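Please look over the sequence and the structure before reading on.

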Amino acid sequence: MPVATQLTIEQSQFLQQSFQESLTRWNRQRLAPAFPDDFSAARFDDDRAMLRLEHAFIEELRAQVRQAAASAPTDPDGFVAWFEALKHHGPGQHDRLFPWLAEQADRDQIRWFLSQEAAGEAGFDDLVAMTQVKLPDRAKLELARNYWDEMGRGNARGMHGPMLGQLVQILDLDTRIENTVWESLALANAMTAMASARHYAWHSVGALGVIELTAPDRSAHTAQALKRIGLSNAERRYFDLHAVLDVKHSRDWNDEAIRPLVAEDPRRATAMAEGALIRLHCGERCFDRYRAHFGLA
Ligand SMILES: [Fe+2]
Ligand SMILES: [Fe+2]
């Protein structure tokens, strides 16, 4: 796989703490259920300005991956094989951060890592819900099944979001925006941008699919770290669950969403490849920053 051109972070107006914090705050505000009186005419101007910036942010990330994505096959079998290979050779895969977390990090180091990850979690359930709007039936059904699992199949105790929320409480994690590194905010903001803007819908299918593809390995290491510092089975359930369930989610996403969507329109393969690579590069930047924080760089 061709090596993507590295973005010079100093040259980017988007890969910065202040911009990512403001994008995070805007996303929270615009996606929160509200009343008509909560809206003012000034919001139109604000939303328009932020939409332009969000778009430019994603276009900058696209520019970084476009060449590599263009080399992905656009036939269904070839594309799925290319996509699945990202698990082994994609950006940020097999980062040494994770074995270190599993085997060596102390409790506070694990708490800091999880604070960053939890604060940068955009809500997989909502991303799937936004992405599925107007998708072709077969893909829509797969996103619905995945969403239903996120919802604990109708059982509140099995909902994935609150399960992570419980862990935040148990470990008393600080998830305030201003204490979250921009790399982690950027990951959540990129996912939200792709899921909410319809012209990035295929990018979002690829980005969500690559999360399912690559999460089990990281989740297993994180679960091992939590076990080592004494958390019970129930307390580390979120990571134990994703270490196993996402293997199935990934297989089904590739078979039932990606493959038929590409068969219908090969241009979607390139868009999904870009989305997946954008997500993996965002993750890679997080791992680099976390390792620097821990002095492992
Ligand atoms: Fe989940
Ligand atoms: Fe999943």
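**Overall fold**

Read from one end of the sequence to the other, the protein chain of this predicted model follows the pattern α-α-α-α-α-α-α-α-α-α-α-α. The secondary structure comes to twelve helices and zero strands. With a radius of gyration of 19 Å, close to the 19 Å that the globule rule gives for 297 residues, the protein chain is as compact as a globular protein of that length. The C-alpha trace spans about 50 × 50 × 45 Å along its principal axes.

Of the 297 residues in the protein chain, 40% are buried.

**Confidence**

The mean pLDDT of the protein chain is 95, and 96% of its residues reach 70 or more. Residues 1–5 have a pLDDT below 50. Beyond near neighbours in sequence, the stretch of residues 1–5 has ten contacts in the model.

**Helix packing**

Two packed helices are described by the angle between their axes and the distance between the axes.

| Helix pair | Angle between axes | Distance between axes | Handedness of crossing |
|---|---|---|---|
| α9 (residues 182–196) and α10 (residues 201–228) | roughly 135° | within 7 Å | left-handed |
| α10 and α11 (residues 237–264) | about 165° | 8 Å | left-handed |
| α2 (residues 41–70) and α12 (residues 267–293) | about 125° | 8 Å | right-handed |

The axes of α9 and α10 cross at roughly 135°. An angle of that value makes α9 oblique to α10. On the α9 side the contact is made by M191, M194 and A195, and on the α10 side by H203, S204 and A207.

Helix α10 also packs against α11, at an angle of about 165°. Since angles over 145 degrees count as roughly antiparallel, α10 is roughly antiparallel to α11.

Helices α2 and α12 pack at about 125°, and are therefore oblique to each other. Which residues of α2 meet α12? They are L61, R62, Q64, V65, R66, A68, A69 and A70. Their partners in α12 are T270, A273, E274, L277, I278 and H281.

V205 is found in helix α10.

Leaving aside neighbours within four places in sequence, V205 is in contact with T131, A257, I258, L261, M272 and G275. Among these, A257, I258 and L261 fall in α11, which covers residues 237–264. M272 and G275 fall in α12, which covers residues 267–293. K140 is 65 residues from V205 in sequence, while the two are 11 Å apart in space, C-alpha to C-alpha.

**Exposed residues**

H88 lies in helix α3, which runs over residues 76–89. H88 has 9 other C-beta atoms within 10 Å; a residue with 12 or fewer counts as exposed, so H88 is exposed. H88 and W112 are 24 residues apart in sequence, and their C-alpha atoms are 27 Å apart in space.

Two loop residues have a positive phi without being glycines. One of them, R153, has a phi of about 50° and is not a glycine. R153 lies in the loop between α7 (137–150) and α8 (160–170). With 10 C-beta neighbours inside 10 Å, R153 counts as exposed.

Where is D172 found? D172 is in the loop between α8 and α9. Its phi is positive, about 50°, although D172 is not a glycine. D172 has 8 C-beta neighbours inside 10 Å and therefore counts as exposed.

Technical notes
Residues numbered from 1 in each chain as written. Chains lettered and ligands numbered in written order. Predicted model: local features only at pLDDT ≥ 70, side-chain atom pairs only at ≥ 80, totals over all residues. pLDDT = per-residue confidence, 0-100. Contact = placed C-beta atoms within 7 Å. Helix = DSSP H or I, 4+ residues; strand = E, 2+ residues; numbered from the N terminus. Rg over C-alpha atoms; globule rule 2.2 N^0.38 Å. Buried ≥ 20, exposed ≤ 12 C-beta atoms within 10 Å, placed from the backbone. Axes fitted to C-alpha atoms, helices over the stretch in contact; angles between N-to-C directions. Parallel < 35°, antiparallel > 145°, perpendicular 65-115°, else oblique. Left-handed = near helix turned anticlockwise from the far one by under 90°.
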